[in-house]
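Q: Could you take a close look at the charged side chains here, and walk me through how they pair up? I'd like one connected account.

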Amino acid sequence: MKWLFVLLLALAIFGSAAWFGYNTFVKEEIEVKKEQRGEVTPPPVVDVSLPEFQAAVKLREDGKLAEARDALMALIQKYPAGKHLDEARDLLGEVNVAILLSRYPSPEKIEYIVKPGDVLAKIARKLKTTPEMIMRVNNMSGTMLRIGDRLLISHPDLAMVIQRKSNLIVLLNHGVFFQQYHIREAKLPSKPPPKITTKVAETMAWKGGQRVGLGSKEYLASTKWIRFAGAPAYTLYSMSDSTHPNLEQPPPPTGLGLAATDLEELSTLVNNRIPVTIVD
């Protein structure tokens, strides 16, 4: 039995030495070679921005729009390359539009009392906004006004930047990010110029294959396009989405396709004074 004990003891000693040698030298050598070949899996990156992003989402869900806006703007500034940057920009745009196109109180809005002779288009021109925006903010289903009506008016200073490579349309308000829309389809010339400076020419509304006007009863259910001055190849057109599954109006031969819900919102915001820059 003594010889068996000696054998087991020797195995334990030499086995431990072999295991120590493997972990100390062989395994280290294997890891070095993997690193040289670029095969080493990098350690997981800690998502330090997640708690702040989740807190901003919660503020939005609770209807605290101003607080959510401030939290998202701070998050984007603090983590310009964060994992949730694009989500934060999408959510910030949603919050900005929710504040702008509702009776939610904000410093950007003024109250206007309707006077004799006022019509929606006249008020919009005077206060540098759009008739559609006035209607949305004040929950109006038509263009009729009554003397003494109190209208809440939003008048942002918007500019549009179309980013071809990123497939994004970015709206700036007073030079600061306001909203972004994702381009779903691009039908453009093969060699577009690197930069185009233009402006919104008009918002087009289609129903039953015909153009309809703002005062028409078909306007709210119409398909929206946006045309740019001197840049017909970049016409923005609506594409079917879950809210608008069946669009009657076929797309133009060239242009940029957006979800119909996004283009409906965008057409409410813009007017023919808004500058547009198209870049790669």
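A: Happy to. The model is predicted, and the count of salt bridges in it comes to nine.

Let's begin with the helices. E94 and R60 meet through their side chains in a salt bridge, with 3.1 Å from N to O. Because E94 sits in helix α4 (residues 85-100) and R60 in helix α2 (residues 50-61), this pair ties together parts that are 34 residues apart in sequence. E94 is partly exposed, at a relative accessible area of 38%, and R60 is partly exposed as well, at 23%.

Now to the strands. R227 pairs with E202 in a salt bridge whose closest N and O atoms are 2.9 Å apart. This pair also links distant parts of the chain, with R227 in strand β9 (residues 223-228) and E202 in strand β7 (residues 195-207), 25 residues apart. R227 is partly exposed, with a relative accessible area of 32%, and E202 counts as partly exposed at 24%.

E264 counts as partly exposed at 23% relative accessibility, whereas K224 is buried, with a relative accessible area of 4%. Shared partners also matter for the picture: salt bridges join E202, R211 and R227 into one network.

Finally, some charges gather on the surface: K115, K122, R125 and K126 form a patch of positive charge there. Of these, R125 lies in helix α5 (residues 120-126) and counts as exposed, because its relative accessibility is 57%.

Note on methods:
Residues are numbered from 1 along each chain as its sequence is written. This is a predicted model: local features need pLDDT of at least 70, side-chain atom pairs count only at pLDDT 80 or more; totals for chains, interfaces and linings use all residues. Side-chain values use heavy atoms; hydrogens and water are left out. Patches are made of residues with over 30% relative accessible area and no salt bridge: like charges are joined within 9 Å, nonpolar side chains (Val, Leu, Ile, Met, Phe, Trp, Tyr) within 5 Å. Accessible areas come from the Shrake-Rupley method with a 1.4 Å probe; for residues, only the protein chains shown count as cover. A salt bridge is a side-chain nitrogen of Lys or Arg within 4 Å of a carboxyl oxygen of Asp or Glu. Lys and Arg count as positive and Asp and Glu as negative; His and the chain ends are not counted. The place of a charge is taken as NZ of Lys, CZ of Arg, CG of Asp or CD of Glu. Helices (H or I, at least four residues) and strands (E, at least two) are DSSP runs, numbered from the N terminus. Buried means under 20% relative accessible area, exposed over 50%, partly exposed in between (1.4 Å probe, protein chains only).
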